[in-house]
Amino acid sequence: MTGYILKRLLSAIPVLFGITVIVFLIMAMIPGDPALAILGAYATPENVEKINRDLGLDAPLVARYFIWLGNMLTGDFGTSFSLNRPVIDEVLDRFGATLLLAGTSFILCAILGIAAGVVSAARQYGWADKGITFAVLLGISIPSFFLGMMMILIFAVELRWFPVSGMRMAYGGGGFADVANHLVMPAIALAVVATGVVARLSRSAMLEVLRQDFIRTARAKGVGEGRVIWGHALRAAMVSIIPVLGIQAGFVLSGAVYIEMVFQWPGVGRMLVDAILKRDILLVQGGVVFVAACYVLFNIAVDVAQSLLDPRIKT
Amino acid sequence: MTQGILNWTRRGLLASGTALTMALTLGAGDAAQAQTPPGVLIVGQIAEPKALDPAAVTAVNDFRILMNIYDGLVRYKSGTLEVEPALAESWDISEDGTTYTFHLREGVKFHDGSAFDAEAVKFNFDRMLDEDHPFHNTGPFPLAFFFSSVEEVTVVDPLTVEFTLSAPFAPFLSNLAYPTGLIVSPAAVEEYGADYGRNPSGTGPFSFAEWQSNTHVILNANAEYWDGAPELETVVFRPITDANTRTAEMLAGGIDLMVEVPPVSLSEFEGDDFTVVEQAGPHVWFLILNTKEGPFADKLVRQAANYAVNKTALVENVLEGTAEVAAGPIPPAFAWAYDESLEPYAYDPDKARELLAEAGVENPELTFYVTEGGSGMLDPVAMGTAIQADLEAVGFDVAIETYEWNTFLGEVNPGLEGKADMAEMAWMTNDPDTLPYLALRSDAWPDKGGFNSGYYSNPEVDELLETARVSTSQEERAAAYKEMQQIVQEDAPWLFVANWKQNAVTSGAVENFALEPSFFLLLKDVVKN
């Protein structure tokens, strides 16, 4: 197992290296440069040149890449010019917020999705199955940012149950209850689509398993239906559900970008959008590399979990 | 058996659902409904500030915070764009207009306790302008060129400071009133170095208390303020980048004051619970016309375009009344320099067709650069489309090319030659000199480092602008600007469209709030119940 994990970690290195090249090239190729973002209408060629010099953007492309990569390997992600702050501080700050949001959504989608899928499969074509299938279809079809805006209108502006946006109250907030209260709407808005997908696939995975011989054997031996479904069948179905969860984790993480914009959640997705608009090169590059690294690591963890659950997968 | 499981499941779901709802309601109970307390003003900003160092920032969004922490030597008289004393009680200008001697206010202290004096003033300008200054590395200072005419700052005595300019420069005082001229505490810069922008200290009505990234900047009242203590105890600036979310926060009571309300959202605030405040500012929205080549090389065609566009419909329908029709290159907010007799080009399609016929052009083809958004650009895509329709109605053939703001500036600022016939543009300035000087002179063509991207050139205009820039008499300057406006309107190097009215919404608990023509946000006298 250790060897397998090590092998997977090593194979992640070229992936991450490729990501650094791609994000660097994209930032180098998109038109408009940071000096224009800083100076706006005052961007004379002379002023632009001066700012580019101050930001070290006058060096050749290849040199800039290797300086950036070299610094990053020593843990120095550079300084964001639009926020005047070390990139790594900003990314870590924001990533914590994203993790809280995406993590909550992920847990919601995993628990509710699997539960709905199992119930649906256990009562195939029953009222519960039909109801859940309908709800799932609805959930998958609503774009999450639209759902978010509607939730704000109904639950924050009209009913005033929850705050509109942000992660804590602007004045005097910040406690657990305050943050939890701000978390409810964005976490649900973000979880809806993923929950639908998980429910659908859990249902088909369960139906597949429920048809198998060992289930019939278990029932024949008089194992209670509860144990058959939640014990035997679900455990076997988890092998096909876990990779779906892995994919949904990525989905929730990337979906967080819209949700963070709508709910002004101070996460890494909103940070990247702002940074791209301001052409804050180092912040975009550092943020993308960091998020990509987390995603790659998470995927490895999912694979490892799967191989632990299913001994048929070669380690 | 199956029934039993589903019963359990249903019951379980019901129970957990109820628990969740209760938990959420409890959470909501102690936080969400709480209105903001009296004396605390929550301001919805459009973005996270970059830094709270006035020398290092360029965005109006940052200025809104800075103007409440700092003072300059001079400031704009409330409701106008004319300068009045602030940290300097008075000043003398030498005959030749190159030496400004400021007499400073006595007994003023920075929030960190250090004294404000002539040395502090010198420190501020040297830091920005002198590359050998020990704290020049706390920059970069992108708007330092506002003071590029300053040759030397001399301390005469602790309360007298002298600025020597390389040449007479009339906008100097007005530039000092701009945020780039705000005075920071040298002691704080020495203490925090490059981190000064997150640990600011000024002399203003509010002192900096806390900056939590992406959440808020908090300022507390400065009870010792030389111009009287502010009414508020605390101001909280919250960055809310999404305009819809900002509107929702305002409707839900999460913020007390919202700036830059999108025109389409204004109707939400019509009730008695809110007050909408409007103020015309030093803003011009125009189209740069390429006077060097193509159809617009002919003055008659440029005038025809000015007649062809229905500006009134643009400001009333597209901008929902958040702007007024512009008549010329200087906005009316500069009351002393604005020529009241200037009438905007009327909407007259027939006249436009006549002029086109007189110029002997038929269906002139135009490439029109439109941006998706940007500082002061209002609603550029919708406006661009409406303008296109108006121009096509009189016989122009207009092809729109749309660019994202940064890319757009990269295309437009180097000049339109060989690329386009017209481009959208908007400027907000602090002196009537700035825009025409940087964008209408022959010496301001892009290859000479200016913003005259349409290559307009009229020696008379050049001369008038030079005169206005070096004269120290406001009357003489005003006369020159008025003459310049007449000529430029006639020459039509631009298609003059709109002057933006800045807006803000306050909740019923807020009193005594007004917007300034400078577009600054001054909160000293605001009351929050």
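Two residues are taken to be in contact when their C-beta atoms, placed from the backbone, lie within 7 Å. The model is predicted, and the contacts described below are those of the predicted coordinates.

Chain A contains 12 helices and 2 strands. Along the sequence the elements of chain A follow the order α-α-α-α-β-β-α-α-α-α-α-α-α-α. The C-alpha trace of chain A extends over about 85 × 55 × 35 Å along its principal axes. Buried residues account for 42% of the 315 residues of chain A. Of the contacts in chain A with a separation of 6 or more, 71% are between residues 24 or more positions apart.

An unreviewed UniProt entry assigns "domain: ABC transmembrane type-1" to residues 95-301 of chain A. Residues 236-261 of chain A are 100% helix and 0% strand, and here the end C-alpha atoms are separated by 39 Å.

Helix α12 of chain A comprises residues 281-309. The buried residues of α12(A) include A:Ile281, A:Leu282, A:Leu283, A:Val284 and A:Gln285. A:Gly286, A:Gly287, A:Val288, A:Val289 and A:Val291 are also buried in α12(A). The buried residues of this helix pack against α1 (2-29), α2 (34-39), α4 (61-73), β1 (79-80), α5 (87-122) and α11 (268-277) of chain A.

Chain B has 14 helices and 20 strands. The radius of gyration of chain B is 26 Å, close to the 24 Å given by the globule rule for 529 residues, so chain B is as compact as a globular protein of that length. A box of roughly 90 × 75 × 40 Å, taken along the principal axes, is filled by the C-alpha atoms of chain B. Of the 529 residues in chain B, 52% are buried. Among contacts in chain B between residues at least 6 apart in sequence, 71% connect residues at least 24 apart. An unreviewed UniProt entry places "domain: Solute-binding protein family" at residues 82-440 of chain B. That span is 25% helix and 25% strand, and its end C-alpha atoms lie 24 Å apart.

Within chain B, four strands form an open sheet in the order β4-β5-β7-β6, with antiparallel pairing. Strands β4 (88-93) and β6 (150-157) of chain B are the edge strands, each pairing on one side only. On average, neighbouring strands of the sheet are turned by 20° against each other, direction ignored. Strand β5 (residues 99-104) of chain B is joined to the antiparallel strand β7 (residues 160-165) of chain B by 5 bridges. In this region B:Thr99 stands opposite B:Thr164 of β7(B). Helix α3 (residues 118-129) of chain B lies across β5, β6 and β7 of chain B and runs at about 165° to β6(B).

The loop between α3 and β6 of chain B holds B:His136. Residues with 20 or more C-beta neighbours within 10 Å are classed as buried and those with 12 or fewer as exposed; B:His136 has 16 such neighbours inside 10 Å and therefore counts as partly exposed. Leaving aside residues up to four places away in sequence, B:His136 touches B:Arg127, B:Asp130 and B:Glu131. B:His136 and B:Asp462 are 326 residues apart in sequence, and their C-alpha atoms are 35 Å apart in space.

The contact between the two chains involves 58 residues from chain A and 50 residues from chain B. On the side of chain B that touches chain A, the elements giving two or more residues are α1 (2-31), β1 (40-45), β10 (234-239), α6 (243-252) and α11 (405-412) of chain B. Of these, α1(B) gives the most, with 9 residues.

Technical notes
Residues are numbered from 1 along each chain as its sequence is written. Chains are lettered from A and ligands numbered from 1 in the order in which they are written. This is a predicted model: local features need pLDDT of at least 70, side-chain atom pairs count only at pLDDT 80 or more; totals for chains, interfaces and linings use all residues. The radius of gyration is taken over C-alpha atoms; the globule rule is 2.2 Å times the number of residues to the power 0.38. The expected span of a helix is 1.5 Å times one less than its number of residues. Two strands pair if DSSP finds at least two bridges between them. Axes are lines fitted to C-alpha atoms, for helices over the stretch in contact, and angles run from 0 to 180 degrees between N-to-C directions. UniProt positions are given in the numbering used here, feature names are shortened, and annotations may be inferred rather than shown by experiment.
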